[in-house]
Each structure stands twice: as C-alpha cells, then as structure tokens.
Amino acid sequence: MTLIAMRSPSDSPMGCDNRPVLRQRGQREVFCGLTSIVWLHRKMRDAFFLVVGSRTCAHLVQSAAGVMIFAEPRFATAIMDERDLAGLADANDELDRVVTRLLERRPDIKLLFLVGSCPSEVIKLDLARAAERLSQRFLPEVRVLNYSGSGIETTFTQGEDACLAALVPQMPSEPANAGKSLLVVGALADIVEDQFRRLFENLGISTVAFLPARAASDLPAVGPNTQYLLAQPCLGDTARALDARGAKRLSAPFPLGVEGTTEWLRAASIAWDVPSDRLVETVRGPQARARQALQRHRELLAEKSIFFFPDSQLEIPIARFLARELGMNVIEVGTPYLHQQHLSNEISYLPESVRLSEGQDVEMQLDRCRSSNPDIVVCGLGLANPLEAEGLTTKWSIELLFTPIQGYDQAADLAELFARPLVRRATLEV
Amino acid sequence: MQLTLWTYEGPPHVGAMRVATAMKGLHYVLHAPQGDTYADLLFTMIERRDQRPPVTYTTFQARDLGSDTAELFKTACQAAYDRFKPDAMIVGASCTAELIQDDPGGLALALNLPVPVVPLELPAYQKKENWGAAETFYRLARAFAGPRAPRPGTPRPARVSGTRPRCNLLGPTALGFRNRDDVAEIAKLLETIGVDVSVTAPMGATVDDLSRLGDADFNVVLYPEIAGVTAQWLERAFHQPSTKTVPLGVVATRAFIAEVASLAGIEVAAALSAIDTGRSRLPWYSRSVDSTYLTGKRVFIFGDATHALAAARIAHQEFGFAVVGLGTYSREFARDVREAAKAYGIEALITDDYLEVEAKVAELQPDLVLGTQMERHIAKRLGIPNAVISAPVHVQDFPARYAPQMGFEGANVIFDTWVHPLMMGLEEHLLAMFKGDFEFHESAAPSHLGHSANAQQAGLDRLDQAATAAMDHAGNNSVSWETDAEKELSKIPFFVRGKARRNTERYATERGLQLVTVETLYDAKAHFSR
Ligand code: SF4
Ligand code: SF4
C-alpha cells in the first residue's frame with residue numbers, strides 16, 4: 001500500500017536546502033490535533049476547550065492526559081449521539097444547551113473554544129456559525145471561538161496551530177502610532193516565558209508579548225509594527241494569520257539548545273538593531289552555564305545513534321540540537337508535516353547524512369528502524385514498550401511537549417531526556 | 001449530545017480491540033482517522049503490553065474523503081494480511097468511518113483473502129466499549145463455533161463416562177481488571193475439584209480454539225458484561241448451560257463451587273471438601289478482634305455491574321460494612337444493580353456521568369470509596385480512603401505480583417486491598433482517645449500511609465466545602481456554627497468529623513435550632529449514640 005516518493009532534489013518544490021525527503025503513505029501512528037488541548041488548557045487559564053465529537057474523541061483526550069484527573073479540568077467533550085446525526089438543526093440546539101449548562105457551571109471561563117473533530121466535520125456541523133451565535137449570546141462575559149483539532153485535518157501539535165490561528169483575528173489592532181513590538185508565538189512553559197522576557201529586556205527589547213497569553217482574555221495587539229518569532233515549529237496557519245494582520249516573521253531556528261536559542265535571540269537583535277556586543281554580553285552567562293551543563297550529557301550521548309518517529313514536529317530542531325551540540329549520530333528524522341519555509345534554517349544545519357521523512361507508513365518505518373538498530377528511538381507511547389521489548393531503547397516523544405525544553409537553562413534538561421533512558425538501560429541488570 | 005468530562009468506557013471499537021488483543025492470530029483492520037491510533041497506548045502503556053495490539057488503522061485524511069476511502073481500506077486490509085499473515089481477520093469502522101459508510105465488511109470480503117474475515121457492526125453513536133467487546137466475542141464465536149453446532153433439536157450427547165467434566169472459561173480480555181490472575185486462580189480451583197478447562201476465551205484463544213467452544217460440557221462466565229451474550233448463544237446452539245455466580249468473595253466462591261459441581265455432575269460436598277478452605281484467610285481475618293473497627297464503616301461502591309454487585313455483597317457479608325451507595329455505569333445491567341441496592345435500603349446510581357458520581361460521593365461522605373480509576377481520583381481529591389475494584393483502571397492496577405480478585409486467593413487480596421487505606425483498629429481507637437495530643441493530632445493519616453497527611457487535610461477542607469455545597473443544594477443549610485462549636489468540631493478525628501457535622505446539623509434542623517453551640521454538638525452526639 002506504500003507509495004514511495006523519494007523526491008529528487010530537482011522536483012523539490014522549494015527550500016534553500018534541496019535534500020530529498022522520504023514520503024510514504026500508509027498507516028500513520030500519530031495523535032490528532034485534539035491532543036494539544038492537554039497543554040493548551042494548562043497555559044490559558046481562563047479558557048475552556050469543548051470538543052464537539054464522539055466518544056472516541058473524549059477517550060482520546062482523556063487517555064492522552066494520562067487519565068490525569070485535574071481538580072478543575074478545563075476541557076470536556078460534547079459527545080454526539082444518533083439524534084444529533086439525524087438532524088443538524090437539533091444538533092445546534094443541543095450544542096447550545098450543552099454550552100449553556102457548561103457556562104453556568106463554570107462562571108470563571110472567559111473564552112470558550114468549540115473544537116471540531118472528524119465526526120463534526122464529516123457531518124458538516126458548522127462550528128464557526130455556532131461560535132458566532134453563542135458569542136452573541138454570551139458576550140461580554142464569554143467569547144466563543146472555534147477551530148478544528150480533527151484527525152482528518154490535523155496532527156497532534158497542529159491543534160495548537162489551529163487554536164492560535166483562531167485567536168489571531170481576535171487580537172486588538174495596535175494603535176496607529178505604535179512603536180515596534182515583538183511577539184513570541186507558540187505555547188511555552190511559564191518559566192521559559194519569564195526567562196525569555198528577561199533576556200529580551202537585557203537586550204533592550206522592551207515591548208514583548210506572548211501568544212498564547214496566560215489569560216486568554218488579554219490578547220496582545222498586532223499590526224504592521226509587530227514582528228514575531230516562532231517558538232514552536234508547528235505554527236504554519238498561525239503565521240499566515242499574523243501575516244494577514246500585517247505582522248512580519250523573523251526567520252530563525254527554534255530556541256532549542258544553546259545554538260538555537262542564540263540564533264533565535266540574534267534574529268530579534270538584528271531586527272531591533274541591538275549592537276552585537278550587547279547580544280554577546282547578554283547571552284554570555286546563560287550560554288556558559290548551559291554549555292557546562294550539557295558537557296556531562298555530551299560524554300554519554302556523543303556518537304550514539306538516534307531515530308525519530310514522526311510526532312510533534314519538534315523532531316527536526318531537536319535532531320539539529322542533538323547532532324550539533326551533543327555529537328549524536330542522527331539516522332532518520334520523521335516529522336508528520338514539514339513546513340519547508342519555517343524549517344529551512346533548521347534543515348540547513350542538519351548533517352547531510354540525516355534521512356528526512358515526512359508522513360509515515362509506520363510498518364515500513366519500523367522495518368527501517370529495526371534494521372538501522374539505533375541506540376535510541378524517539379517515538380509515541382503506542383510504540384515505545386513494544387520496541388523496548390525488542391531490545392531497543394526509547395524516549396517517549398510526548399514528554400518533549402510536557403517538559404520545559406526551550407532556552408538556555410533548559411538545554412541540559414532536554415539533553416537529559418535522551419540520556420536518561422540510556423543511563424537506565426546501562427544500570428539495569430535485569 | 002452529552003457533556004462529558006471523563007468517560008468510563010471508550011467507544012465500541014476499543015472493546016473489539018480488547019478482544020483482538022487478548023486473542024492469538026487474529027488481526028483487526030479498523031477504518032479510522034490517524035488520531036484513533038491513540039488506542040494502542042491503552043494496551044502498551046496501561047497494561048504494559050510488550051507488543052502492539054494487532055490492529056491496522058487505515059488513517060484516512062480529509063483529502064481522501066473526496067476521492068476514495070474505500071480503495072484505501074482495501075489496500076490497508078490487503079497489506080495487513082500480507083504483513084501479518086493472521087489466521088483470521090475482523091474488520092470494521094470507527095465513529096468517523098461509520099459516517100462515510102464504506103462498508104468495510106463488504107470491501108474486505110471482495111478481496112478474497114485466504115483467511116476468514118468477520119465483519120463487525122459496532123454502532124459508535126449508540127454503544128460503548130463493553131458492548132463492543134461482547135458483540136465482537138459473540139460474532140467470533142458464531143463465526144468459528146457456529147458451523148459445528150448440532151442441528152436444532154438434537155440433544156447434547158452424554159459425557160463419556162470416566163472422563164472428567166470440561167468447561168470453557170469465558171470473558172477475560174485485554175485491559176480487563178485483574179483478568180490475567182482471575183483466569184489462573186479459577187482454572188486452579190476447577191482443576192482441584194476435578195473439572196478441566198477446555199477453552200479459555202477470548203484471552204489466549206486462537207481461532208481454532210473458538211471453533212472448539214461447543215466441546216465443553218458447560219461454560220463458566222467470569223465476566224457477564226463481556227461473555228453474557230456469547231454464553232446465551234452457546235446455550236441455545238450447543239445446549240451448554242453456564243454458571244450464573246461470579247466467584248468474587250468467599251461466599252460467592254463457595255456458591256460458585258456448588259454451582260459448578262452441579263453443572264459438572266460432581267457431588268457438591270466432595271467438591272467443597274476438595275478445596276482447602278484455609279486458603280482463604282478472609283473469614284478469620286474478618287472475625288479477628290482487630291477487625292471490629294470495620295463494623296458499619298460506610299462504603300460507597302461504583303463500577304461495572306459485576307464488580308459493583310460483588311463488592312456490595314462482600315462489603316456487607318464479609319466485612320460488616322454498611323453499603324451507603326451503590327452504582328454502575330453498565331446500563332445493560334441496571335436492573336440487577338437496582339435490585340441489589342434496594343436490599344441495602346438505598347437507591348442505585350445508574351450513570352456514566354462522572355460529575356453525578358462525584359456529587360454523590362461528596363454528599364454521602366463515606367468512610368471508604370470502592371470504584372474505578374475515576375472514583376479513585378474523586379476520593380483522592382476529597383481525602384477519602386479508597387480502593388479500586390473495577391475497570392477502567394490505570395497502570396498501577398496491573399500489579400507485577402499475582403493478585404487475583406476471584407476465588408479464595410482473590411478474597412485474600414480484596415481483604416488486604418480494602419483494609420489497607422483505612423485506619424488500623426487500635427490506631428483508630430487511640431486517635432479517638434487522645435484527640436488533642438500532638439502526635440495524634442486531628443489531621444493524622446493512618447500511620448502506614450503517613451506521607452499523605454497533608455493531602456488528606458487538603459482533601460478534608462474540600463470535602464467540607466463539597467458537603468456544604470451539597471447541603472446548600474438540599475436547601476437545609478439554615479444552620480450556622482458558633483466559633484467555639486466549630487473549634488470543638490475540629491478536635492474530632494477527621495475520619496468521623498464529616499459524620500459529626502452532618503449529625504449535628506440534622507439534630508439542630510430537626511429541633512429548629514439556627515445556631516450550633518458546643519452544647520448542641522454534644523447533645524447531638526448523645527442523641528445519635530443511643
Ligand atoms: S499518573 Fe498517577 S495520578 Fe495521574 S492518572 Fe496515572 S496514576 Fe493517576
Ligand atoms: S482522530 Fe478524529 S475521531 Fe479520532 S479522536 Fe481525533 S478527532 Fe476524534
């Protein structure tokens with residue numbers, strides 16, 4: 001069932017780096033975009049995510065959350081049943097009823113996302129219209145927005161992209177006389193956000209905002225004087241929406257590892273005409289600290305080989321970090337979706353020998369993985385234990401999203417995520 | 001449309017996966033979008049399986065919808081056969097594929113694969129996981145044992161004399177609560193009383209084993225939620241009777257042995273005496289004086305119907321607890337649970353709404369919660385001792401050690417598991433005596449669970465709030481507390497404080513008192529301790 005389209009450099013559509021990308025079509029073993037609710041709802045503390053879907057969708061979100069019962073979960077599923085399928089008019093009435101009940105229970109909610117799923121899309125339940133209707137009813141207390149996290153449209157972190165893209169039109173316009181402002185785009189752990197804020201301040205870049213903001217109700221302003229840095233590689237639609245508001249993207253690698261973080265900060269520094277010695281001065285301390293912390297892991301990880309199954313779209317920047325800063329030998333980097341333009345910087349940093357693959361036929365990829373016998377495999381939770389049982393050492397990719405990994409002070413933590421399984425394997429005598 | 005925070009059961013195709021994963025040589029091709037592959041992790045992570053479930057997902061995308069998802073299904077199905085060479089396949093649709101109506105069954109049959117293909121129709125918008133497992137098992141049994149059924153009206157040939165009676169063990173699946181150990185325990189028990197196990201299914205069964213289901217003399221139904229329908233069909237098709245008693249608890253295990261003996265044509269007394277009843281320590285442990293403190297502990301029970309019903313029976317008959325709440329998410333068995341609840345003088349809670357269960361626990365303030373993973377979290381949050389008795393469960397409920405629930409060893413495990421979270425008898429006593437003492441301070445947790453004291457205190461505050469909220473709701477919160485009375489209340493050990501508060505307020509309300517004083521508190525205590 002597998003179509004192998006090994007693109008030769010000549011028919012690669014774009015990109016500065018014309019290296020071949022392996023594209024196979026078969027079973028994909030990845031989450032759908034609904035999964036990103038698990039971290040988005042922790043980040044935006046006054047937002048609620050209501051999936052409009054099936055029992056499967058509810059079960060997915062709950063399983064991805066590790067059946068972690070939060071004291072106050074800010075997500076739920078409106079599970080459709082037969083009657084909803086029978087008549088769309090009724091489905092809309094039902095949705096209104098569910099939303100009303102929900103908002104009564106949760107007066108603390110300021111922003112409600114209706115999150116579309118495969119079933120809601122296949123039956124063409126118009127959630128954009130529903131969101132408009134409900135907004136009219138509940139504004140000013142609650143704003144209702146919608147986006148799709150469906151598995152037929154989105155993979156895992158693309159759910160974050162769709163969510164943030166839905167927020168962009170809601171951002172206020174910057175005033176006509178606004179000065180230059182920097183917008184950092186992509187969900188980051190609060191601690192990382194604060195570190196970046198301090199670094200930008202030290203660089204003399206003082207007007208800095210983050211999307212998503214901790215309170216969904218204080219969205220930053222945007223306009224032609226806004227320049228933005230992507231903090232996550234999955235944000236194609238969000239970037240497009242920001243461009244449409246007149247904002248300009250600063251092209252940079254992603255802030256993973258010392259090098260990535262420095263280049264990311266450099267992109268902003270250049271745009272803000274920060275003198276280069278000020279940049280050097282600002283990052284000297286954190287850089288040294290990070291390099292020293294990385295050294296310990298480098299001893300263990302250097303020369304070790306690694307194979308990435310596609311999952312979060314973080315694969316390419318992380319592979320770049322592991323190859324260049326820790327001396328790992330990257331065999332294959334799978335990514336569910338390759339945004340050539342946003343990743344061009346990253347790809348050009350990757351060693352030539354790395355095989356890039358986009359999309360997946362999981363069976364064929366498992367064959368390749370086994371035959372290359374890597375020291376460590378990065379994969380999803382469905383594959384990890386079976387591969388361990390075959391004798392391979394694995395790192396669950398979902399942890400890369402639940403752990404603060406960006407920035408200087410997290411570089412060693414990121415390396416540690418890969419070192420730990422190896423240390424463990426070496427320690428165990430059973 | 002139902003607002004759902006947490007679900008007790010997944011969609012029906014997850015039930016089918018539990019059957020396929022439990023069996024050998026069966027492969028499941030599921031027409032589904034990519035996100036549905038999450039279900040693999042239930043098996044590989046929660047149950048720590050060392051192999052992927054034998055499932056191929058077609059993972060169609062939006063762009064396939066316009067063109068040919070049916071073709072995609074066929075290629076996936078053929079590729080799955082070519083790669084895994086299973087003995088048989090099941091095929092079906094998940095919720096999304098059900099809407100696009102590709103007819104996986106018809107498509108798979110059209111491929112003319114060299115192995116049997118069993119199509120599944122699992123209506124995702126009506127049914128749930130356990131139903132899906134039961135239906136899948138039934139379809140498989142019919143497909144493989146069906147052709148060997150005697151012509152209707154043919155009586156069952158008598159067992160050849162001199163051979164041991166044989167039964168099937170029906171119902172254990174992947175991801176089931178303690179199924180692995182229950183099967184081992186019950187097989188051992190049957191062996192001891194002289195009964196052989198012919199086929200265990202779905203767990204460990206091949207397609208060939210399924211075709212031999214009709215050979216046994218009778219069926220042992222371990223999990224009615226999963227095997228009930230199949231057992232009924234086997235009864236009709238092969239005249240195989242089946243057991244009705246689920247051997248959970250000492251009393252039920254004895255009854256089970258008696259039932260099996262009569263189905264097997266063995267003497268009941270002989271069967272019972274073949275078993276070393278000393279293997280169950282529960283009866284003595286329960287009678288020993290330390291257990292006196294268990295008397296009348298108020299317990300709330302929620303789970304699948306089989307485990308909830310059994311837990312209620314055990315709690316009442318074998319622990320001397322008071323069952324104050326009983327419920328299930330298995331609507332198919334609602335009637336049985338309602339009846340059982342009536343016997344305890346309570347009304348059953350039949351729901352799959354987690355919020356309703358939470359509200360009920362908060363309102364009842366039981367001393368112990370026995371439930372699923374969900375109730376474990378509810379109880380944890382409210383600071384109430386708890387133990388898990390039923391699926392859905394989490395990784396820690398697949399213990400490394402042998403820990404069945406069924407049979408006599410199962411009763412031992414249950415005794416330990418339920419008593420562990422509670423105070424030890426003497427310890428509870430001392431706490432009551434020295435309530436002001438700094439070491440026995442009010443928020444002390446059971447000494448063997450020492451570290452959780454803070455969590456418990458936090459839980460208590462929440463419990464207090466929840467109780468207040470529940471009472472607000474009931475509209476009987478016209479009573480307020482004097483500061484001194486509130487202070488006195490806080491000196492009462494935490495595990496009875498909720499009860500004291502409730503009783504006092506009830507006492508006050510009944511007497512039309514608006515304000516609870518220290519006197520009211522002790523008046524109420526005297527009143528209720530009569
Ligand atoms: S991680 Fe721990 S607390 Fe969370 S669901 Fe699993 S067992 Fe419960
Ligand atoms: S893939 Fe589609 S149907 Fe499956 S959980 Fe995700 S949104 Fe729901």
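**Briefing: the interface of chain B and chain A, with local features of chain A**

Chain B and chain A bury about 5500 Å² between them, 62% of it on carbon and sulfur atoms; buried area here is the accessible area (1.4 Å probe) that two parts lose on being put together, summed over both. In chain B, the residues that lose the most area to chain A are B:M1, B:L3 and B:W6, together 18% of what that side buries. This is a predicted model, in which local features need pLDDT of at least 70 and side-chain atom pairs count only at pLDDT 80 or more, while totals for chains, interfaces and linings use all residues. Residues are numbered from 1 along each chain as its sequence is written, chains are lettered from A and ligands numbered from 1 in the order in which they are written, and side-chain values use heavy atoms, with hydrogens and water left out.

**Interface**

- The contact (heavy atoms within 4.5 Å) takes 62 residues from chain B and 65 residues from chain A.
- The rule finds 5 salt bridges across the interface, a salt bridge being a side-chain nitrogen of Lys or Arg within 4 Å of a carboxyl oxygen of Asp or Glu.
- A:R25 forms a salt bridge with B:D64, with the closest N and O atoms 2.6 Å apart.
- On the side of chain B that touches chain A, helix α4 (residues 69-84) gives the most, with 6 residues.
- That side of chain B divides into 27 nonpolar, 20 polar and 15 charged residues.

**Strand pairing between the chains**

- Strand β4 (residues 75-79) of chain A and strand β1 (residues 2-4) of chain B run antiparallel and are joined by 3 bridges; two strands pair if DSSP finds at least two bridges between them.
- The bridge partner of A:I79 in β1(B) is B:Q2.

**The loop residue A:N225**

- A:N225 lies in the loop between β8 (208-211) and β9 (226-230) of chain A.
- A:N225 is partly exposed, with a relative accessible area of 28%; buried means under 20%, exposed over 50%, and partly exposed in between (1.4 Å probe, protein chains only).
- Not counting residues up to four places away in sequence, A:N225 touches A:E174, A:A176, A:A178, A:G179, A:K180 and A:S181.
- A:A176 is 49 residues from A:N225 in sequence and 9.2 Å from A:N225 in space, C-alpha to C-alpha.
- A polar atom of the A:N225 side chain lies 3.0 Å from the backbone oxygen of A:A178.

**Helix α14 of chain A**

- The buried residues of helix α14 (residues 362-372) are A:V362, A:E363, A:Q365, A:L366, A:R368 and A:C369.
- A:N373 follows α14(A) and has a positive phi, near 40 degrees.

Terms used:
Helix = DSSP H or I, 4+ residues; strand = E, 2+ residues; numbered from the N terminus. Polar contact = N/O pair within 3.5 Å; in protein donor to acceptor, adjacent residues only side chain to side chain. Nonpolar A, V, L, I, M, F, W, Y, C, P; charged D, E, K, R; others polar.
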